[in-house]
Amino acid sequence: MNRSIAGWIAHRWAKWVVLALSLVFVVGVGFVLGPKLTSVQDNDVASWLPGDAESTKVIQQSKAFANPDDIPAVVLYERDGGTTPADLARATADAAKLKGVKDVSNVLGPFPSKDGEALQVIATITMASDGWEALPDRVDDIRTITDKGGDGLDVSLAGPAALGADQAEAFSGIDGILLFSAVGIVFVILLITYRSLQLAILFLLCGVLGAVLPAQGIVYLLAKYADLTVNGQSAGILSVLVLGAGVDYALLLVARYREELHRYEDRHEAMAHALHRAAPAILASGATVIIGLLCLTLAQMNSTSSLGPVGAAGIAVALLTMLVTLPALLVI
């Protein structure tokens with residue numbers, strides 16, 4: 001990093017300007033846009049398949065024949081020995097109630113099976129742009145109406161809607177679980193390494209609030225306006241990747257800063273020299289990781305190829321935070 005740039009970041013009064021700009025960036029991009037990342041995730045089957053696969057092409061072309069926002073939920077009524085007229089009346093009554101469920105646009109059935117042991121009702125759920133987040137609630141609404149078996153009648157909910165709801169619930173908490181697990185592990189390592197509670201907390205604040213949340217906001221913008229595919233897998237990996245890389249870069253910077261504090265009494269001057277000398281290695285490390293991640297764009301699987309740009313954007317944000325925000329906070 002240029003000596004004059006490093007000097008301004010750690011300057012006696014410019015550090016406050018850096019802090020103010022960092023807070024604007026964190027609040028505007030991290031707190032406002034970061035939580036919206038889930039709304040732009042694409043977790044349908046095509047997002048996980050190779051882009052040139054025949055099955056992917058069929059999925060894309062089939063959208064011309066049906067509304068891609070329509071997701072069928074299949075309610076299956078089964079009875080060993082055959083369904084009864086009472087079962088048919090029950091399924092018919094449930095079908096009528098399903099028409100009143102929010103976002104249910106069409107209900108078909110009940111249809112009897114050939115062996116007479118089952119009845120089937122199909123409820124079509126039409127979801128909007130936030131369908132991935134709202135689908136579990138709609139499926140729960142359907143289950144509340146239909147999940148009342150007994151007297152030998154088994155009622156099951158299946159189909160693409162049930163599968164999508166299960167996937168949404170599985171991925172909905174993965175970001176938080178992975179992030180909190182990583183935070184806990186990193187916190188313990190930092191305490192053992194530096195034996196400083198304040199420094200450990202500062203690292204984690206920069207890593208989570210200064211890097212992870214803004215990285216999620218940047219990826220949200222890329223997904224919404226640059227047609228970047230983001231799914232539950234890449235979003236979950238993003239938080240852990242950014243936190244791990246960010247803390248790693250912070251360790252390199254602090255190690256150099258502690259050395260310079262033995263040479264200079266003024267902490268601002270020590271940080272300027274530390275940043276000037278450590279930044280090239282940190283930038284080279286970050287650039288290597290970014291280039292490596294971008295190589296994933298050559299993968300055939302859409303879920304893997306999209307992970308490259310997602311991770312690269314996260315590493316870029318981690319570099320910015322640890323080379324600009326962290327130095328200012330350390331001298332403050």
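Visitor: Where is the place of Pro110?
Guide: Pro110 is in strand 2, which covers residues 104-112. Bear in mind that this is a predicted model.

Visitor: Which form does the peptide bond from Gly109 to Pro110 take, cis or trans?
Guide: The bond is cis, and its omega is near 15 degrees.

Visitor: How do most peptide bonds look?
Guide: Most peptide bonds are trans, and most residues other than glycine have a negative phi.

Visitor: OK, phi then. What is the phi of Asp103?
Guide: Asp103 has a positive phi of about 75 degrees, and Asp103 is not a glycine. Look for Asp103 in the loop between helix 4 (85-98) and strand 2.

Visitor: How accessible is Asp103?
Guide: Its relative accessible area is 29%, and Asp103 is partly exposed.

Visitor: And Asp227, what is its phi?
Guide: Phi of Asp227 is near 60 degrees, again positive in a residue other than glycine. Asp227 sits in the loop between helix 8 and helix 9.

Visitor: Is Asp227 buried or exposed?
Guide: Exposed, with 71% relative accessibility. The cut-off for exposed is over 50%.

Visitor: Let's zoom out. How many helices and strands does the protein chain have?
Guide: There are 12 helices and four strands.

Visitor: How many of the 332 residues count as buried?
Guide: The buried share is 44%.

Visitor: What about contacts in the protein chain with a separation of 6 or more?
Guide: Of those contacts, 73% come from residues 24 or more positions apart.

Visitor: Next topic, the largest nonpolar core. Which residues touch the most other members?
Guide: Phe203, Val219, Val230, Leu243, Leu326 and Leu330 do. The core has 57 residues.

Visitor: Which elements give two or more residues to this core?
Guide: Helix 7 (174-194), helix 8 (197-225), helix 9 (232-261), helix 10 (267-294) and helix 12 (307-331). Helix 8 gives the largest share, with 13 residues.

Visitor: Why would nonpolar side chains gather like that?
Guide: In soluble globular proteins, nonpolar side chains tend to be buried together.

Visitor: Pick Leu330. What is Leu330 in contact with?
Guide: Leaving aside neighbours within four places in sequence, Leu330 is in contact with Leu199, Leu202, Val254, Tyr257 and Met271.

Visitor: How do the axes of helix 9 and helix 12 cross?
Guide: They cross at roughly 35 degrees and come within 8 Å. The crossing of helix 9 and helix 12 is right-handed. The contact of helix 9 with helix 12 has 21 nonpolar, four polar and no charged residues.

Visitor: And how do helix 10 and helix 12 pack?
Guide: Their angle is about 175 degrees, with the axes 10 Å apart. Helix 10 and helix 12 are therefore roughly antiparallel. Among the residues in contact are Met271 and Leu275 of helix 10, plus Ile315 and Leu330 of helix 12. By class, the contact of helix 10 with helix 12 has 18 nonpolar, four polar and one charged residues.

Visitor: Last stop, Ser234. Is Ser234 buried or exposed?
Guide: Ser234 is buried, with a relative accessible area of 0%. Ser234 lies in helix 9.

Visitor: What does Ser234 touch?
Guide: Not counting residues up to four places away in sequence, Ser234 touches Leu307 and Val310.

Note on methods:
Residues numbered from 1 in each chain as written. Predicted model: local features only at pLDDT ≥ 70, side-chain atom pairs only at ≥ 80, totals over all residues. Heavy atoms only, no water. Core = buried A, V, L, I, M, F, W, Y, C linked by side-chain atoms within 4.5 Å. Buried < 20%, exposed > 50% of the residue type's maximum accessible area, 1.4 Å probe, protein only. Contact = heavy atoms within 4.5 Å. Axes fitted to C-alpha atoms, helices over the stretch in contact; angles between N-to-C directions. Left-handed = near helix turned anticlockwise from the far one by under 90°. Nonpolar A, V, L, I, M, F, W, Y, C, P; charged D, E, K, R; others polar. Parallel < 35°, antiparallel > 145°, perpendicular 65-115°, else oblique.
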